[in-house]
Amino acid sequence: MGPDDPGDRSGRVKLTAEEAAMRSGAFGPARQWAIEHQIKVGSYLGAADFVPVTQAHIMADTESLGEAGVEWLERVAALPQDQRSVCIPTITDPRGTDFAAAHRLRQQPWMLELERRAISAFEALGILMTNTCINYQTIMPPVRGEHVAYGDTGVVIYSNSVCGARTNFEGGPSALSAGLTGRTPRYGYHLDKHRTATLLVEVGWTPADLSDWGALGGIVGRLAGNYWQVPVLLGIECVPGSDEMKHFGAALASFGSVALFHMCGITPEAPRLDDVHPPGHELRRHEVGAADIRAFQQSYAKSVDAVDLVVFSAPQLSLIEMQCVAGLLDGRSANIPLLVVTSPQVKADADRMGLTARIECAGGTVLAGMCFYQSYAREMAEANGWRRLATNSAKLANIIGGYGYQSAFMSMAACIDAACNGGTL
């Protein structure tokens, strides 16, 4: 059986004639590398074959790439255009800086230069520099059943759960490979069998604030505990909006590495419990109430009585959230750094509608196209003397400790109060 035979297999992954041709180098070294990478991933994870995907979303901030990663991208970008260009729409996660505000953050020139080089290489590959983790709100939301290759965990869980699309967590090399080949290994959440519920969470109190939704997500994530768990929630008494789902999903993915959840009567694959509950399969059951959510939030406040800055980030803010921040700041003034992070798409609208001006006139800084923890957070802390931050993002509160910060996890209104009170909680 030759490499061009449609029945050719490498490990357990069956290749089509086109995929075998990519592997043989007929489409150039970039696609050859990409399909080889995907074969290794697919073989390890038990994929029988590949599934065509319509979009790819790449996480590749320069803090993660480093000098070696950027140099590798530049070598790919130097190939002839027909060999290096992605073959499906491919977009990017937040970058490592907002060039317009880098000096205020005290980011170093070498960081900016590395970022410029990475951007130039991505653009040479035909990748759209969307620089966002909320592409499901601002770019092109996937539809139910659409197979995509997305990287950011918050993007993946929202797209799988709220949109009903199909994707796994695709690391940077895997997402880039999908952009170059137009496919991804068919395993995990591309398959029906992995999309059924594995645990049942009965919610006795419906969250009212974005931070409450994030806390609920964090609790459910801890209960789930690993990538192959799929929680289904009962008892949610209202239909959460996009921002509520965003904060819930981002926290759930952060605390539990979870890629898919269901809410009975709300999310598209779970109009009834029976639709996601395998017959004869006993689900683990848990109850979560208001006291659990408050205890989760208060666990962050115990060690912090004042903060050095307030950060709204992870995920980036929607236009509606930008309006909320502006409204809470009207007639007030932030007395410590207040960083409000959004996508380039939302930033343009916020500029046009006067929201950016209202936030910045009150002492805030609006940042676009970046994410706080992907932007050399440890180095920024050292340069600015930051040790303690307040945020309404459960995801950021969870992650930022790894960069040397202590975090207070509070509502948006409480965070604004802290910024205007000089950091006092």
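How many of the 15 residues of H11 are buried? In this predicted model, H11 is mostly covered, with 13 of its 15 residues buried. The helix runs over residues 242–256, and because 15 residues at 1.5 Å a residue should span 21 Å, the 21 Å between its end C-alpha atoms agrees with expectation. Just after H11, Ser257 takes a positive phi of about 55 degrees.

| Pair | N to O distance |
|---|---|
| Asp243 and Lys246 | 3.2 Å |
| Lys246 and Glu321 | 2.4 Å |
| Arg332 and Asp417 | 3.0 Å |

Asp243 and Lys246 both lie in helix H11, three residues apart, which is about one turn of the helix, and both of these residues are buried. Lys246 also meets Glu321 in a salt bridge; since Lys246 belongs to helix H11 and Glu321 to helix H13 (residues 319–329), this pair ties together parts that are 75 residues apart in sequence. Glu321 is buried, as is Lys246.

The side chains of Arg332 and Asp417 likewise meet in a salt bridge. Arg332 sits in the loop between H13 and strand E13 (338–342), whereas Asp417 sits in helix H18 (residues 412–420), so the pair ties together parts that are 85 residues apart in sequence. Arg332 counts as partly exposed at 32% relative accessibility, and Asp417, at 32%, also counts as partly exposed. Elsewhere, salt bridges that share partners join Glu18, Glu19 and Arg183 into one network.

**Aromatic pairs and a surface patch**

The structure holds 15 aromatic pairs. In one of them, the rings of Tyr227 and Trp228 have their centres 4.9 Å apart and their planes at 80 degrees, so the pair is edge-to-face. Tyr227 is buried, with a relative accessible area of 16%, while Trp228 is partly exposed at 37%. Another pair, Phe296 and Phe409, has ring centres 6.1 Å apart and planes at 90 degrees, and is therefore edge-to-face. Because Phe296 lies in helix H12 (residues 290–301) and Phe409 in strand E16 (residues 406–409), the pair ties together parts that are 113 residues apart in sequence. Phe296 is buried at 4% relative accessibility, and Phe409 is buried at 3%.

Phe169, Tyr189, Tyr227 and Trp228 form one aromatic cluster.

Technical notes:
Residues numbered from 1 in each chain as written. Predicted model: local features only at pLDDT ≥ 70, side-chain atom pairs only at ≥ 80, totals over all residues. Heavy atoms only, no water. Helix = DSSP H or I, 4+ residues; strand = E, 2+ residues; numbered from the N terminus. Expected span 1.5 Å × (residues − 1). Buried < 20%, exposed > 50% of the residue type's maximum accessible area, 1.4 Å probe, protein only. Phe/Tyr/Trp six-rings, centres within 6.5 Å; stacked < 30°, edge-to-face > 60°. Salt bridge = Lys/Arg side-chain N within 4 Å of Asp/Glu carboxyl O.
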